[in-house]
Amino acid sequence: MTEEIVFKTEADMPYLPMSLGTTLVNKTGSWRYIRPLYVDKTPPCNHDCPAGEDIVGYLALIEEGKYKEGWELIMQENPFPGVCGRVCPHPCESECNRRELGGAIAIHTLERFLADHTASQRPSVQASKRYDAKIAIIGSGPAGLACAYHLALRGYPVTVFEALPVVGGMMRVGIPEYRLPREVLEREIADIEALGVEIETNMRLGDNFKLSDLEDYQAIFIAVGLQKSRKLNVPGEDAEGVIPGLELLKRVNLGEEVQVGPSVAVIGGGNTAVDAARSALRLGSDVREPRSNEVTILYRRSREEMPAIAGEIEEALAEGVKIRYLSAPIELLTENGWVMGLKCVKMELGEPDESGRRRPMPIAGSEYALKADTVIPAIGQEADTSFLETGEQRLIEVRRGHIFIDAAGATTRPGIFAGGDVATPFGTVAHAVGSGKRAALAIDKYLRGEELSGFPPIDEAVHAVPKDMDPAIVRFDDLNPAYFEEIERTEQPQRPIEERVSGFEYFGWAQYGEVNLGFNEEEAQAEAERCFNCGTCNLCDTCLIFCPDVAIARLVAPPYPVPLARLNGAGYEVNYDYCKGCGVCAEECPRYAISIEKEIKWKK
Amino acid sequence: MEKVIMGNHAVSYGAKLARAQVIAAYPITPQTQIVEMLSEFWAEGLLDAKFIKVESEHSAMAACIGASSAGARAFTATSGHGLALMHEMLHWAAGARLPIVMANVNRAMGPGWSIWTEQTDSLAQRDTGWLQFYCESNQEVLDSVIQAFKIAEQVLLPTMLVLDAFVLSHTQEPVDIPDQELVDRYLPPYDARYKLDPGDPHAFGAMVAPPHYMELRYKIQKAMEEAVEVARQADGEFREIFGRSYGLVEKYRLEDAEVVLVASATITSTARVVVDELREEGYKVGLLKVRMFRPFPTKDVREALAGARKVAVIDRNISFGHGGIFAEEIKSALYNGSHRPPIFGFIIGLGGRDVTPASIRGIAEYTFEHDTPEMEIIWREVKNS
């Protein structure tokens, strides 16, 4: 600054203030005290999926038009995308950050789209090795079949024992066909069988065989579900015309003839109650005279506490099912051994009980009578663990009606695992899938003689193929809303109500009666494009554009690799020789895929 | 191809033909149509450029500075208050020696709030180091945009071309839109000598201490001086290719003229008609149009006024506390010369008030009737009686 520069000619004089030497010598990275890092974080949908699906991953693949890859990404974790895309209560949507700008992504319907769109294709996954250790699975519901699937994928020979003549457990006999067409379930079961899984039907544990008959098997997974319907415990319950909800659904699903009277009362507020009510509406209907019977649900709490899926309740109401809230039966009125009606009492809600819901209390003097030819109690199911009551089977501990398991799904007896509704309190297909998968991973470890450690608590998902991402959950406040516009959620179309309720068909139902009709490709694309890709780098180049030091370089050129959603730091490179640590990239990143780490640990 | 278009669209066509690569602008009446049409050109695929939407004129110029620093041909347009907001960045563009081209639609400054024409907005930027050209017709506007890039990129100084609000900006005139091929022949792609390049990074715009700062300013003035001849040559080359030219100044019927009217922009067209009428009536009157204001063409002005007995400068602008800005510039240009006629400084038409043939005739008659100006500023048509 003080040195005198004399220019020999005027042409030597610089005309602009510019350094003649390169500025690369000035490694401004030395100024940095924070460092940006590309770290994919967990979107709320992924976190909340009980089956452990990489939802953000397959939404990105739908956007790219890569439907088979999207479907196979689900199949890494869950062999039932077609089932779950229809019957899951989609907890993934409840914390979706898109809620703030036009409604949660219709993840549920997109999952179904992937399954339906690839219906003619088969998964390309195959077991890469073969083990000798045989595994027995008791119950072919979602937990049992998910466990079988994941074990078969790992190369184990698996035999599934099913009590009923049909395969699928509650998916087959507990869910009405208007929600889950049989061919969808059969297609997904066939994919599991294609891996070499043997399924033996009409094999009821306790009746047809005992656990001690399974000595040839090196591990056993018990997933028998909940088979006993809870009793109302009111007088008249054993009269003719009373049929438990699950029993009704099972008989309809097995193709048995079921008759209901012109006045039907369903008791309960869960999915079985709603399914039974809607089935009763269809059973009592005549093609020429739809909704010729009257179906009423009695629920002892209010709509807010009703545990059934909200959309299913809406659909039931739209179809003509009536709901009486804050009502409970105290007696079934009978004549000549046949039910004629109910004596009910009105309820009010008191203090919250141990479930967190307000406890219903009868209002004295509020009794009233209701006419009913058919009464369908659907107040919940219980495990039937009577098969554990003899011999060494007693070593398997039962607590509060459920088989007790640890975080690995292991029972108190080595080599015996349990899952699904008989062991966990969640009651959805997705949870059962997660539970079966957990046991499969644990059985694999057990058979290799490894410690059964490292499993997350039973209410968190496990992953068959771990997705490399930070467990921190991305919330709306972590995103940069400047990049996102409000766009309305797309809803799937539904079959017109008159068509839905005009008679119950046992055959050709999939073509005829499914209520929800799913997305076409255009709707699926539009809906997937609404995804924020929370916590997931999708090569949007915002960091690169904003970096004032030109210190970010893109490593991946379009077309993006598959799956796009899991770049996790492989998309860009920060040149730390020059990155000053200004943090603009992390601040500007629309989706919180960049983290900031302190460069210097300050010492006192 | 001849088209009937408004002045604003003449600017747009000029920028398109000049193949501007980066356009950053903020809308302001009466300039908005310029960038609207450019964005339409872009949308239709007729213009291969980056169009940057910005939140203010200050940012518009900053974006042009960034683009030009990176070696791109940058263009913007503004008016009145928008230009005032750019002021800081105008100094930067010149100091960094960036050949940015800007169209400014003259608009009177508020308050009293106005959208109509007056030259004070652009003349107030005369010391920022920008070349300035004042245009008279839509054809001249289009041609001047193309010439502006040619000149700016040789002397490495930013260039502003100026057109009157509404009188030109929104007035339709037949305009010959030259073939792209010819424009490409006239204006080769901009090849920046130094530019921001991540592959060969240098520091630009660093602090310069007293031992060296003055030399940078000296170089800007040298470039300005050089620009007079560069502009003359660019205008000449333009004539060779397109058959039209405008000169730095235009001398109209100055032979034996005793009174010479000096005007700029659209007032020139009106004055030309009045000169013809007065000539027919026997008055020895002529007209000097000043097209280039910065650098000021002192030599050309001295030559043009060498025979004038009296000079009447018509200013649609005012430097408060002194007078009409063109009048001051003319006085200053003649003072060190050999011929120093009396100079009458008229101020008229501020805030877009019409300057009619009668207004100009009145100015000429006043000048013929008086040997010397009675006052430094002669206000015309002020409603004070």
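## Chain contact

In this predicted model, 19 residues of chain B are in contact with 13 residues of chain A. On the side of chain B that touches chain A, 12 residues are nonpolar, three are polar and four are charged.

## Confidence

The model scores ipTM 0.75 and pTM 0.78. For chain B, the mean pLDDT is 97. In that chain, 100% of the residues reach 70 or more.

## Overall form of chain B

Chain B contains 13 helices and 15 strands. Along the principal axes, its C-alpha atoms fill a box of roughly 70 × 55 × 45 Å. The radius of gyration of chain B is 21 Å. That agrees with a compact globule, because 385 residues in such a form would give a value near 21 Å.

Of the 385 residues of chain B, 51% count as buried. Contacts across the sequence are well represented. Among contacts in chain B with a separation of 6 or more, 78% join residues 24 or more positions apart.

The contact between them takes 27 residues from domain 1 of chain B and 19 residues from domain 2 of chain B.

Several elements build the domain 1 side of this contact in chain B. Helix H6 (120-123), strand S6 (131-134), strand S7 (159-164) and helix H9 (210-242) each supply at least two residues. H9(B) gives the largest share of that side, five residues. By class, the side of domain 1 of chain B that touches domain 2 of chain B has 17 nonpolar, five polar and five charged residues.

## A lysine on strand S3 of chain B

B:Lys53 lies in strand S3 (residues 50-53) of chain B. Is B:Lys53 buried or partly exposed? B:Lys53 counts as partly exposed, because it has 13 C-beta neighbours inside 10 Å; a buried residue needs 20 or more.

B:Lys53 can also be placed relative to B:Ile23. The two are 30 residues apart in sequence. In space, their C-alpha atoms are 8.7 Å apart.

## Strand S15 of chain A

Strand S15 (residues 374-377) of chain A is covered on both faces. A:Thr374 and A:Ile376 are buried on one side. A:Val375 and A:Pro377 are buried on the other.

Which strand pairs with S15(A) over four bridges? Strand S8 (residues 263-267) of chain A does, in the parallel sense. Within the pairing, A:Val266 stands opposite A:Ile376 in S15(A).

## Helix H3 of chain A

Helix H3 (residues 67-75) of chain A is mostly covered. How many of its nine residues are buried? Seven are. The buried residues of H3(A) are A:Tyr67, A:Gly70, A:Trp71, A:Glu72, A:Leu73, A:Ile74 and A:Met75.

These buried residues pack against three helices of chain A: helix H2 (55-63), helix H4 (81-87) and helix H5 (107-117).

Definitions and conventions
Residues are numbered from 1 along each chain as its sequence is written. Chains are lettered from A and ligands numbered from 1 in the order in which they are written. This is a predicted model: local features need pLDDT of at least 70, side-chain atom pairs count only at pLDDT 80 or more; totals for chains, interfaces and linings use all residues. Two residues are in contact if their C-beta atoms, placed from the backbone, lie within 7 Å. Ala, Val, Leu, Ile, Met, Phe, Trp, Tyr, Cys and Pro count as nonpolar, Asp, Glu, Lys and Arg as charged, and the others, Gly among them, as polar. pLDDT is the predictor's confidence in each residue, from 0 to 100. The radius of gyration is taken over C-alpha atoms; the globule rule is 2.2 Å times the number of residues to the power 0.38. A residue is buried if 20 or more other C-beta atoms lie within 10 Å of its own, exposed if 12 or fewer, and partly exposed in between; C-beta atoms are placed from the backbone. Two strands pair if DSSP finds at least two bridges between them.
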